[in-house]
Amino acid sequence: METLNFLATGFSVALAPLNLMLVLVGCFVGTLIGSLPGIGPINGVAILLPLAYAMGFPPESALILLAGVYYGAEYGGRISSILLNVPGDAGAIMTTLDGYPMSKRGEGGRALALSAVSSFAGSMGALLMMVVSAPLLSQFAIQFGPTEYVWLMVFAFTCLATMVGSRPVKTMVGVMIGLLLATVGVDSGTGVLRFTLGIPNFFDGVDFLVVVIGLFAISEVLALLEQWARNDFVITPVGKSFVSVADLLAVKWVVLRSTVIGFLIGVLPGTGASIASAVAYGTEKRIAEGDDEQFGKGDIRGLAAPEAANNASAAGSMVPMLTLGIPGSGTTAILLGALMMFNITPGPLLFEQQPEIAWGLIASMFIGNIALLVMNLPMIGLFVRLLSIRQAYLVPVIVMLTFVGIYSIHGDSFDLFFMVVLGVFGFLLRKLHFSLAPVILGLVLGEVLEENLRRALSISGGDWGILFNGPMAYTLAGATAAALLVPSLWRWYKKSGPRTVVTGAPLAEDD
Amino acid sequence: MKLNIAALMLTGGLTLAMNAMAFEPSKPECIAPAKPGGGFDLTCRIVSNGFAEAGLLKTPMAVTFMPGGVGAVAYNHINGVRPDDGNALVAFSSGSLLNLAQGKFGKDLDESNARWVGAAGVDYGAIMVKADAPWNTLAELVADIKKDPTKFVVGAGGGVGSQDWMKAAILMKSSAVDPKSMRYVAYEGGGEALAALMGGHIQVYPGDAGEMQGQLEAGKVRVLAVMSPERLEGEFANIPTALEQGIDAQWTILRGFYLGPKVSDEAYQYWADQFSKAYESEAFMATVADKGLMPFKMQGAELDSYVRERVGYMRNLAREAGLIQ
């Protein structure tokens, strides 16, 4: 009841004309920013923050605007993933796996609509969970220690193993490359510089966005150029497909599960949309075991899961920011900085002392999400027509956007060169039939895994026993074991049982 | 003849005026060597807003971002590309100086590769424990640590060799405990470390007093001591210094600005003068307080020699701790 009162206060703030306008502007700009390759929510918020500050908005309005950009970008990230195979931001990497094949089949409209609805459901579900249980969740977030993070990452890696597909060795090599990249930078345990080649730009490690954009966008552009040189462009059919009720019913449990997964991972400090979407995707693929041949070739479940999860994680990462003053993701770290710039200290007392800010933000997120869905569905036809743009125009535009996006992170041309090098490397990997997503996931997961394993071991003084301690660790370890064993057992069961189901349809080469 | 004299006087007057105004930044800029919203961003806002409010800027000052290596990227940029650009102030903190002292800004760069021009303000280290921890004073904590240094886990927002680690190491050293025997856990930033403290994963967090604004009242953590020479003001007035409790552990977090190494003396003097004017302005000092810093008024040559002396001190600390040879 009390919560409802607060929420009502929140809506009265969010529905004030200025704030209403800002949430719409924020969502719109966010969608645009998210859909541009290279410019993700972090850059979006970072670019608009100085502007919001200069415009002299009151703090709650500025926060509403910036948060709108944040979840708007999670929404928009899917567009270029699906249509161009270039993730618009880091959370949309998994979306390329099934979204792009769908669009190649001429189902771009269906993919965009389905992902819009999944994103919407993910956000709304996460918001409801946030309203109901924010204080409880903040407790969960701080109880989650290094040990638990280690297991969560091990679990995520196990889920990744489902992506192995028909080329297990190449997937493993891809993950290894990612892990190697994750070791670059100052080693926090000893303060020693590792593999930085004496270049100061590497002291903080390899920038994740540069890798994503280099590997995906630049290599995609190179692939397009190659097609052009060989004169064998595949014209993508622009179908007028749209999502059907049957599609939605087919993914309802997928979306629900992914929303919960995405939200919980979002709540944890240090893990964001990319990890959330990877875990959701892997989990769904595991659950679909036996019926998962289409994953990676345009399965609607493989599209709905990461989209629901990355949007849910954006809402989730607001929980520790608002309740504890601790950022749940890179983007919320910037939002937190923004609040402090307005002389507001987010923290345990924010909800009590400045309810208009916390609840105004939450209410504005409800409004923003509805606006995003309303804005996005009619625009799908427009987006799909992107595909009919001649490559001669599209390619330079993609290149330009990626360069601008990457330059805007650090304002240093070093990143541009590094991105191009990575792009060429990514192109070579593609020619050798490597999948690029495992590289990225190796990089993200590897960093979190290494940091937390070392934290756990410094806490215990080198005793590995710390990893087997506490109910949460056991639960996650159990889930890992299940993810490893259940599929083999299932296969064994089906082999020994009556052969009612035909398994192992010959795997098509998926070039 | 009369006219000539008048003309002469006029030109003379003009020359004088021109000498007084020899340098005027055409496009004043503050480079924050971090992402927007980070600590360096706040430092830059102190000059960009504070100078504007104190009426010290003719042209608005832009804040640009150049994150990387606690300022390493910006330091290299300034030295390599704009060593003589009198328009660009670059924010630094004690964290940058500590890395500079350890040679982490590049092999050939040290504190002589910049002209340290003005301070924004200071913050101080603070030793924190969870609200329900068994220690009420720093002395009690230190006594327990002395018994068995490996029993307690110290965690903070930076790796070994960072400013946060240094605070912990200084606390250990001044308690006659070998810093190498402490269990130290590195987190990504103070926020994560604070969460780990609240969650009971670490027992001691050497953070900053400034970041505790707003958290003190919530009562989830307890500040055992501030690492300042004297007691702080405001909501920290009740917290004793480490020194008061018999432990000589001090750590001052200085935030300020430097100019490129080849910036002209005129430009350097211009900015130093602007800082001394700003320190006299109430509006500027209010901006400093708003951004969570305490006053520290030092500019020009005095600051330059102070920074060099600090870096030397830090180099010794790092050497003692075995971080550098």
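Biologist: Which domains is chain B divided into?
Modeller: Domain 1 covers 28-123 + 253-320, and domain 2 covers 124-251. Keep in mind that this is a predicted model.

Biologist: How far apart do the C-alpha centres of domain 1 and domain 2 of chain B lie?
Modeller: The two centres are 27 Å apart. Where the domains touch, domain 1 of chain B gives twelve residues and domain 2 of chain B gives eleven residues.

Biologist: Which elements of domain 1 of chain B supply at least two residues to that side?
Modeller: Those are α4 (94-101), β4 (115-130) and α11 (300-320) of chain B. The largest share, three residues, comes from α4(B). By class, this side of domain 1 has seven nonpolar, four polar and one charged residues.

Biologist: Staying in chain B, is helix α3 mostly covered or mostly uncovered?
Modeller: Helix α3 of chain B, residues 72-80, is mostly covered, with seven of its nine residues buried. The buried ones are Ala72(B), Val73(B), Ala74(B), Tyr75(B), Asn76(B), His77(B) and Ile78(B).

Biologist: What do the buried residues of α3(B) pack against?
Modeller: In chain B they pack against β1 (29-32), β3 (88-93) and α4. They also pack against α18 (391-410), which belongs to chain A.

Biologist: On to the contact between the chains, then. How many residues does it take from each of chain A and chain B?
Modeller: Chain A puts in 44 residues and chain B puts in 48 residues. On the chain A side, the elements giving two or more residues are α3 (41-54), α6 (108-143), α15 (330-341) and α20 (437-460).

Biologist: Now chain A as a whole. How many helices and strands has it?
Modeller: Chain A has 21 helices and two strands. The radius of gyration of chain A is 22 Å, close to the 24 Å that the globule rule gives for 511 residues, so chain A is as compact as a globular protein of that length. Its C-alpha atoms fill a box of roughly 60 × 60 × 55 Å along the principal axes.

Biologist: What percentage of the residues in chain A is buried?
Modeller: Buried residues come to 56% of the 511 in chain A. Among contacts in chain A with a separation of 6 or more, 80% are between residues 24 or more positions apart.

Biologist: How many residues has the largest nonpolar core?
Modeller: It has 266 residues, and Leu66(A), Ala156(A) and Ile440(A) have the most contacts inside it. The core also draws at least three residues from each of domain 1 and domain 2 of chain B.

Biologist: What is Leu66(A) in contact with, leaving aside its neighbours within four places in sequence?
Modeller: The contacts of Leu66(A) are Gly26(A), Val45(A), Leu48(A), Leu49(A), Ala52(A), Leu335(A) and Ala338(A).

Biologist: One more residue. Where is the place of Leu436(A)?
Modeller: Leu436(A) sits in the loop between α19 (414-431) and α20 of chain A.

Biologist: Why does Leu436(A) count as buried?
Modeller: Because Leu436(A) has 23 C-beta neighbours inside 10 Å, and the cut-off for buried is 20 or more. Not counting residues up to four places away in sequence, Leu436(A) touches Leu215(A), Phe216(A), Gly426(A) and Leu429(A). The C-alpha atoms of Leu436(A) and Gly178(A) are separated by 9.5 Å, although the two are 258 residues apart along the chain.

Conventions
Residues numbered from 1 in each chain as written. Chains lettered and ligands numbered in written order. Predicted model: local features only at pLDDT ≥ 70, side-chain atom pairs only at ≥ 80, totals over all residues. Contact = placed C-beta atoms within 7 Å. Helix = DSSP H or I, 4+ residues; strand = E, 2+ residues; numbered from the N terminus. Rg over C-alpha atoms; globule rule 2.2 N^0.38 Å. Buried ≥ 20, exposed ≤ 12 C-beta atoms within 10 Å, placed from the backbone. Core = buried A, V, L, I, M, F, W, Y, C linked by C-beta atoms within 7 Å. Domains from an automatic or database assignment. Nonpolar A, V, L, I, M, F, W, Y, C, P; charged D, E, K, R; others polar.
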